Amino acid sequence: MNKVNIKTFKKTLSKFTTGVTVVCIKDKNLIYGKTVNSFNSLSLSPPLVLFSLGNYSSSIKKFLNSKYLSINILSKKQKNISNHFSSKNPDSKNIDFENVSNNSTFIKGCIANLECKLIDKIKKGDHIIFICKVINVKQNDKLKPLSYYNSKYN
Ligand SMILES: Cc1cc2nc3c(=O)[nH]c(=O)nc-3n(C[C@H](O)[C@H](O)[C@H](O)COP(=O)(O)O)c2cc1C
């Protein structure tokens, strides 16, 4: 057994396999996205999900000020999109989006997409938990998911 410190904490959490999502917001017709694997389901009725973002993120203010967002669950073929949206200040020029409403846009070719309304934000440690009500959903049963384990894609 090891005493927890940042290194041992990160290494331990890397043993938990997750999917990979990109959370997107629209602000003045520009789209901002961030790669996120802290996504999880929260409640069935009402349909709620959550994810967390570091309060040090370059675009945290944009996410805190948004009312609507989309959560795009990436397929195995979308590793490049995950890498793109985990870089500093990524643009959205070469990404294929489909507009689903005035408020949200989905990334095309995902295994699933959720359109959400942001209903609560909770500060904990160095992260902010975003709690979202799901409004519309879309799935593709033919695609395989991108997964993340041991700090690597699978
Ligand atoms: C697979 C993967 C999952 C990630 N999950 C999260 C997450 O859940 N929350 C978060 O704040 N950052 C997460 N990141 C890091 C962000 O995508 C991004 O790299 C980080 O916020 C730094 O960039 P920024 O300062 O421009 O926001 C993840 C990165 C990768 C590659």
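1. Ser52 has Ile129 as its bridge partner, and Ile129 belongs to β10. The strands involved, β5 and β10, run antiparallel and are joined by seven bridges. Please keep in mind throughout that this is a predicted model.

2. This pairing is part of an open sheet of seven strands, in the order β3-β2-β6-β9-β10-β5-β4, with antiparallel pairing. At the edges are β3 and β4 (residues 40-43), each of which pairs on one side only. On average, neighbouring strands of the sheet are turned by 35 degrees against each other, direction ignored.

3. Within the sheet, β9 and β10 run antiparallel and share twelve bridges. One of these places Asn113 opposite Lys138 of β10. The two strands form a hairpin with two residues between them, and Gly125 in the turn has a positive phi of about 60 degrees. β9 also pairs with β6, again in the antiparallel sense, over six bridges. There, Ile73 has Ala112 of β9 as its bridge partner.

4. Which residues of the largest nonpolar core touch the most other members? The core has 27 residues, and the ones in question are Val22, Val23, Cys24, Leu69, Ile71, Leu74 and Ile107. At least two core residues come from each of β2 (21-27), β3, β6 (68-73), β8 (105-107), β9 (112-124) and β10 (127-139). The strand that gives the most is β2, with four residues.

5. Leaving aside residues up to four places away in sequence, Leu69 touches Val23, Cys24, Ile25, Ser104, Cys116, Leu118 and Cys132.

6. The ligand has 18 residues around it, and Thr35, Ser38, Ser57, Ser58 and Ser86 come nearest. Two elements give two or more residues to this shell, β3 (30-36) and β5 (48-54). The largest share, four residues, comes from β5. By type, the shell divides into eleven polar, five nonpolar and two charged residues.

7. What kind of peptide bond leads from Ser45 to Pro46? The bond is cis, with omega near 5 degrees. Pro46 is found in the loop between β4 and β5. As a general point, most peptide bonds are trans, and most residues other than glycine have a negative phi.

8. The loop between β11 (147-149) and β12 holds Asn150, and Ser151 lies in that loop too. Both have a positive phi although neither is glycine: near 55 degrees for Asn150 and near 65 degrees for Ser151. Are these residues buried or exposed? Asn150 counts as exposed because it has 10 C-beta neighbours inside 10 Å, where the cut-off for exposed is 12 or fewer. Ser151 counts as exposed as well, because it has 9 such neighbours.

9. Tyr153 is placed in strand β12 (residues 152-153). With 14 C-beta neighbours inside 10 Å, Tyr153 counts as partly exposed, because that class lies between the limit of 12 or fewer for exposed and that of 20 or more for buried. Residues up to four places away in sequence aside, Tyr153 touches Lys79, Leu146 and Tyr148. The C-alpha atoms of Tyr153 and Phe106 are separated by 22 Å, and the two residues are 47 apart along the chain.

Methods. Residues numbered from 1 in each chain as written. Predicted model: local features only at pLDDT ≥ 70, side-chain atom pairs only at ≥ 80, totals over all residues. Near = placed C-beta within 6 Å. Nonpolar A, V, L, I, M, F, W, Y, C, P; charged D, E, K, R; others polar. Core = buried A, V, L, I, M, F, W, Y, C linked by C-beta atoms within 7 Å. Contact = placed C-beta atoms within 7 Å. Pairing = 2+ DSSP bridges. Axes fitted to C-alpha atoms, helices over the stretch in contact; angles between N-to-C directions.
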